[in-house]
There are 2 protein chains.
Amino acid sequence: MSTPPLLPLEDALRILRDAFPAPATAEVRADRDDPALDLSSMDGAALRASDGVAPRRVLGTRYAGDPPTLEVAPGTCVRIMTGAAVPPGADAVVPVEELEVRGDALVPVRPPRAGENIRPRAGQARAGDLLLPAGEPARAARVGLLAQVGMPVPPLARVKVGVVATGDELNAHPAPHQIRDSNGPMLEALAHALGADVRRLPALPDEPAAVRAFLEDLGDLGILLTSGGVSAGEKDHLPRVLADMGARILFHKIRLKPGKPMLTALLDGRIILGLPGNPVSSYINALMFLPVALAGLQGRRAPEPWKEGLLRAPVPNPGDRPLLHPCRRQGRDLDPLPSRGSADLVRLAQAEAFAWIPEGGLAAGPTRYLDVV
Amino acid sequence: MSTPPLLPLEDALRILRDAFPAPATAEVRADRDDPALDLSSMDGAALRASDGVAPRRVLGTRYAGDPPTLEVAPGTCVRIMTGAAVPPGADAVVPVEELEVRGDALVPVRPPRAGENIRPRAGQARAGDLLLPAGEPARAARVGLLAQVGMPVPPLARVKVGVVATGDELNAHPAPHQIRDSNGPMLEALAHALGADVRRLPALPDEPAAVRAFLEDLGDLGILLTSGGVSAGEKDHLPRVLADMGARILFHKIRLKPGKPMLTALLDGRIILGLPGNPVSSYINALMFLPVALAGLQGRRAPEPWKEGLLRAPVPNPGDRPLLHPCRRQGRDLDPLPSRGSADLVRLAQAEAFAWIPEGGLAAGPTRYLDVV
């Protein structure tokens with residue numbers, strides 16, 4: 001049987017990233033000069049450089065936040081702390097390590113240079129300057145900048161993520177021919193750990209009408225994780241139902257083992273991540289694609305998933321797809337676990353990382369890996 | 001002035017990691033054989049291998065979750081889907097691709113082998129087998145395993161993180177000698193993005209009594225992030241107050257630029273991350289240490305923070321501490337931004353990554369980096 005070429009993982013990740021519009025963030029401009037006054041960048045004494053190494057009588061102390069009320073006349077100085085406004089008259093700050101105390105005066109150990117250890121007014125930006133253009137991704141540091149210039153800070157929010165398993169074989173009190181739903185709780189824990197506001201929904205039967213009714217009533221969910229129902233089996237209804245509903249299928253099936261049947265779609269502005277039903281496939285695809293979907297909906301940049309490690313033993317890969325292989329990890333060292341396939345939740349629970357093994361296998365040595373969550 | 005040797009960053013991270021006890025997770029044992037019955041691993045026909053390539057009359061179809069009620073006698077077969085229990089009498093599953101339809105019968109294109117495409121009962125584990133020892137870190141896949149064997153799943157929870165800025169210079173409607181609190185909102189956004197249940201608290205004045213009263217009443221916080229008050233200035237009260245209260249200081253001051261004054265302490269089972277007051281220092285130390293503290297309190301494994309990138313231009317570092325330098329990032333390529341020091345929130349807001357620059361500087365080429373949040 002000839003197989004159509006499958007979508008490489010990196011292409012699938014890019015397609016999902018590109019499905020989101022550019023962030024709608026506003027530009028950020030300085031509301032005032034930054035700094036708004038000359039500020040000291042050291043703990044020391046604010047003084048006049050032209051007095052050279054002559055002793056200076058101490059007029060007082062200025063801390064960060066104090067108004068610049070003391071006037072530094074020739075032969076005087078003001079003790080000053082980092083971040084405090086430089087008092088009028090002073091044009092240099094000599095650090096405390098370079099000052100000698102003589103009676104009630106301070107004496108610089110060397111001639112000060114005008115301007116030293118002063119962050120000059122508007123040295124960072126002038127009022128009105130563009131600090132950050134519109135369309136920059138949402139980031140914590142951008143929030144700090146908004147606060148600095150007095151712009152409103154966006155409310156903290158979490159993406160609402162629904163988790164639903166499909167399959168007639170799922171039963172909370174299983175007979176021998178049934179199984180408990182393990183993917184649901186696992187994906188719920190994973191999405192929660194990735195920062196989502198997650199909601200687990202009752203498992204769906206393998207009935208197209210039930211699947212469709214469910215998909216028509218997703219409420220305020222931003223992302224739906226489904227597990228199962230995306231392969232080529234007679235009861236794998238999800239691809240057809242989504243297509244019938246007019247969903248935009250971003251991709252279906254990727255060149256990855258485990259995890260090939262992965263389906264991703266946009267439905268009424270929501271992201272549907274149709275994960276395979278096998279636990280390892282389901283977990284790995286959620287680990288790869290959910291952070292991208294979460295970042296996209298939040299206007300964030302999708303994080304780089306790969307880290308560089310060292311495989312400590314060879315891993316064969318006779319198949320025609322790259323393999324993500326479970327490993328224990330110590331620092332950068334990856335010790336491959338004996339894998340027993342994509343149904344093996346025990347190995348999955350033992351894994352601390354998944355190493356990338358290209359077609360043909362990989363000798364011990366460098367490879368990239370994913371950290372588990 | 002001679003400086004005592006400062007703690008390297010990796011040592012500081014290890015000290016914080018080691019401050020947490022081993023996870024108190026229970027062992028996980030199989031409650032029943034896994035699989036509990038012989039299951040099909042393919043879509044195809046369940047049949048008797050000993051019938052060779054003779055046609056088999058189809059008795060019916062079995063889906064995942066169906067009870068194994070049909071009996072496969074010689075000359076018969078049952079259509080079967082992946083995950084379905086193999087009916088009694090059958091000892092092999094021939095995939096649909098290797099079956100021909102002849103009238104109302106199915107004919108294997110080659111002689112079946114007994115046992116093929118069957119996941120045998122207890123092939124993964126026997127009832128009572130140890131699947132995961134006690135003390136394994138909390139992980140999403142462990143939750144899946146708990147659900148699989150019918151053990152209770154831990155409730156979803158977020159670590160409560162308080163954020164408080166210190167400094168008399170902070171004012172929401174600042175005079176020229178005052179500034180707005182930008183660290184508070186920034187750290188709040190950062191902690192939220194890292195999955196914390198974050199609460200921002202009113203800024204603290206530079207008064208030891210006020211700082212102490214605040215620290216004595218931390219309620220249900222698991223982690224407190226403070227910014228400012230940890231340097232050697234006259235108003236940097238936090239180290240002394242924490243010591244006076246009997247906190248266990250894990251470390252104070254690290255060999256890193258920016259971020260040297262970093263203080264970390266345990267106080268009544270809570271983690272205090274005393275971040276420097278400068279925005280870049282504050283951000284970078286939170287980015288490094290908060291994930292470790294969050295993981296420690298949740299019984300998770302601290303994530304590996306470093307990724308491997310390629311610096312596209314040399315970055316000097318004349319200082320005596322390693323530098324984390326702000327960069328734009330495209331894939332693995334790191335383009336250094338012109339840095340203007342640790343007070344520069346604009347560069348921080350532009351940065352997409354921080355590249356590790358050892359003492360002496362670094363030429364263009366490989367280096368590790370941190371992704372921003």
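Because the model is predicted, local features were kept at pLDDT of at least 70 and side-chain atom pairs at pLDDT 80 or more, while totals for chains, interfaces and linings use all residues. Residues are numbered from 1 along each chain as its sequence is written, chains are lettered from A and ligands numbered from 1 in the order in which they are written, and side-chain values use heavy atoms, without hydrogens or water.

Chain A is assigned to domain 1 (7–23 + 156–298), domain 2 (28–32 + 124–148), domain 3 (39–119) and domain 4 (307–371). These bounds come from an automatic or database domain assignment. Between domain 1 and domain 2 of chain A, the C-alpha centres are 37 Å apart. An unreviewed UniProt entry places the feature "domain: MoaB/Mog" at residues 162–296 of chain A. UniProt positions follow the numbering used here, feature names are shortened, and annotations may be inferred rather than shown by experiment. Residues 162–296 of chain A are 33% helix and 23% strand. The end C-alpha atoms of that span lie 16 Å apart. Helices (H or I, at least four residues) and strands (E, at least two) are DSSP runs, numbered from the N terminus.

Contact means heavy atoms within 4.5 Å.

Helix packing was examined next. Two packed helices are described by the angle between their axes and the distance between the axes. Axes are lines fitted to C-alpha atoms, for helices over the stretch in contact, and angles run from 0 to 180 degrees between N-to-C directions. Angles under 35 degrees count as roughly parallel, over 145 as roughly antiparallel, 65 to 115 as roughly perpendicular and the rest as oblique.

Across the two chains, α2 (residues 140–148) of chain A packs on α3 (residues 183–193) of chain B at about 155 degrees, with axes 7 Å apart. α2(A) and α3(B) are therefore roughly antiparallel. Their crossing is right-handed; a crossing is right-handed if the near helix is turned clockwise from the far one by less than a right angle, and left-handed if anticlockwise. Residues of α2(A) in this contact include A:Val143 and A:Ala147, and those of α3(B) include B:Met186 and B:Leu190.

Within chain A, α6 (residues 279–298) packs with α1 (residues 9–18) at about 20 degrees, with axes 9 Å apart. That makes α1(A) roughly parallel to α6(A). The crossing is right-handed. Among the contact residues are A:Leu13 and A:Leu16 of α1(A) and A:Phe289 and A:Val292 of α6(A). α3(A) also packs with α6(A) at about 20 degrees, with axes 11 Å apart. α3(A) is thus roughly parallel to α6(A). This crossing is right-handed. The contact includes A:Met186 and A:Leu190 of α3(A), and A:Tyr283 and A:Leu287 of α6(A).

The backbone has local features in loops. A cis peptide bond joins A:Lys257 and A:Pro258, with omega of about -5 degrees. A:Pro258 sits in the loop between β16 (254–255) and β17 (263–267) of chain A. In chain B, B:Lys257 and B:Pro258 are joined by a cis peptide bond, with omega of about -5 degrees. A:Ala122, a residue other than glycine, has a positive phi near 65 degrees. A:Ala122 lies in the loop between β10 (118–119) and β11 (130–132) of chain A.
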